Amino acid sequence: MTRKILASVAVALCVAVAAWEREGAVAAQGSVAGQGARGGRGPAPRPPEPPSAMVNPYRITENWPLFGDIRSGAAIGIIPDGKGGTWLHHRSEPPILHIDASGNITKRFGDKMFVQAHGFCQDRDGNFWAGDSGPFQDNPNTIGRGFQMFKFSPEGKVLLTLGKAGVSRAGQDTFIGPTARAIAPNGDIVLADGHWPRPTTAQQDGDRIVRITKEGKFVSEFGKLGSGPGEFMGPHALAFDSQGRLFVADRSNNRVQIFGRDMNFIDDWRHFGRPSGVAILKDDTLIVADSESSRPIGGPPQAPEGGGNAVRNPGWRRGIRIGSAKDGSLRYFIPGTEPEGMAADELGNIFAGLTSGCDTSASGGCLQKWGEEIVDSGVP
């Protein structure tokens, strides 16, 4: 990422500051109950948060994008186009949009195909892979739908359908609830499978990482439900760094797990908060979205905070943490936003997707675009 910062804060302070900036998160929990349902807009205003000691060189672009007659739905899948615009997979109709740098919608497709948009990537041939994690609770209106993945041409033609509609099961041709996907160094598609919360009719274990070819052929799977190294609890986002290492947002375990090319466990990092979204740039800048810390969220009984609607990762602030995939250091923190969707481009833009609080966002909807400003940290 090209930096326009005149002076920066020493990286050595980062981990200590990360702990300090958690202060005030629990105090803000009182507004959680009125935020609205997951996957929809939250009408309740949030009280102002205390300031963070970490530098924030990013500012939101107000009134961007321009949705016009399209209702802005929960923004989950985001693929920057490299020109200041982005492709968006959101929970509304039409579900897949292209938005140019000016905020105008130039393409749209996928109408009435998704129960719950979840996970979005573009392969080396320009085709899009869009997931449907199915409902998060028991819902008679969605019986026989969801838990699938679709491959689209750049023009929006359906090229391939994977999974069985309405079937939530970990198999070679079925998914528990696909949440994310990324393109491996060899061109394979790697996907995260196992959303929490999930309906009672879904498989209640089996959380995993799956690898398939670009033709949709099953290659391998890795992991199981748990909290140990190489185990997962609601893997929610994926990204590869410059070394080909896979970073997994193991959300319900409140950590980012790192794996080598053969899925050998390398490390887990917990100082980036409770990760909902992960993006890595060419210079290994690591960007992590935290949309759930210090708020009640449904989860499995094996979760660190227990099952039910427990407060997750208590004491941590929600927002965007920016650091390095090379050494795990932290650089910046963007407060005042709670994105689940996450992406970034090499132009210095961060795209954040909200699942609640859309009505009060300065962007005018669920998708936010953050850009860097010149900031003087005061360091000579």
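**Note on the predicted model: strands, core and salt bridges**

1. Among contacts in the protein between residues at least 6 apart in sequence, 54% join residues at least 24 apart; contact here means heavy atoms within 4.5 Å. This is a predicted model, in which local features need pLDDT of at least 70 and side-chain atom pairs count only at pLDDT 80 or more, whereas totals for chains, interfaces and linings use all residues. Residues are numbered from 1 along each chain as its sequence is written, and side-chain values use heavy atoms, with hydrogens and water left out.

2. The secondary structure comes to one helix and 26 strands, taken as DSSP runs numbered from the N terminus (helices: H or I, at least four residues; strands: E, at least two). Of the 380 residues, 61% count as buried. Buried means under 20% relative accessible area, exposed over 50%, and partly exposed in between (1.4 Å probe, protein chains only). The accessible surface of the protein is about 14600 Å², and carbon and sulfur atoms account for 52% of it; the areas come from the Shrake-Rupley method with a 1.4 Å probe, and for residues only the protein chains shown count as cover.

3. An open, antiparallel sheet is formed by four strands in the order S14-S15-S16-S17, where two strands pair if DSSP finds at least two bridges between them. Its edges are strand S14 (235-240) and strand S17 (265-269), each of which pairs on one side only. On average, neighbouring strands of this sheet are turned by 20 degrees against each other, direction ignored; the axes are lines fitted to C-alpha atoms, for helices over the stretch in contact, and angles run from 0 to 180 degrees between N-to-C directions. Strand S16 (residues 255-259) is joined to S17 by four bridges in the antiparallel sense, and Ile258 has Asp267 of S17 as its bridge partner.

4. The largest nonpolar core has 16 residues. Such a core is a set of buried Ala, Val, Leu, Ile, Met, Phe, Trp, Tyr and Cys residues joined through side-chain atoms within 4.5 Å. Those with the most contacts inside it are Phe247, Trp269, Phe272, Val278, Ile280 and Leu286. At least two residues each are supplied by S14, strand S15 (246-250), S16, strand S18 (277-280), strand S19 (285-290) and strand S23 (330-334).

5. Leaving aside residues up to four places away in sequence, Phe272 touches Leu286, Val288, Arg321, Ile322, Gly323, Gly328, Ser329 and Leu330. Of these, Leu330 lies in strand S23 and is buried, with a relative accessible area of 0%. Leu330 and Thr285 are 45 residues apart in sequence, and their C-alpha atoms are 9.8 Å apart in space.

6. The structure holds 19 salt bridges, each a side-chain nitrogen of Lys or Arg within 4 Å of a carboxyl oxygen of Asp or Glu. One of them joins the side chains of Arg208 and Glu221 (2.5 Å, N to O). Arg208 lies in strand S12 (residues 208-212) and Glu221 in strand S13 (residues 218-222), so the pair ties together parts that are 13 residues apart in sequence. Arg208 is buried, at 1% relative accessible area, whereas Glu221 is partly exposed at 46%.

7. Asp241 and Arg245 form a salt bridge with their closest N and O atoms 2.7 Å apart, and both residues are buried. Another salt bridge links the side chains of Arg270 and Asp268 (3.1 Å, N to O); Arg270 is partly exposed, with a relative accessible area of 43%. Through shared partners, salt bridges join Asp250, Arg255, Asp268 and Arg270 into one network.
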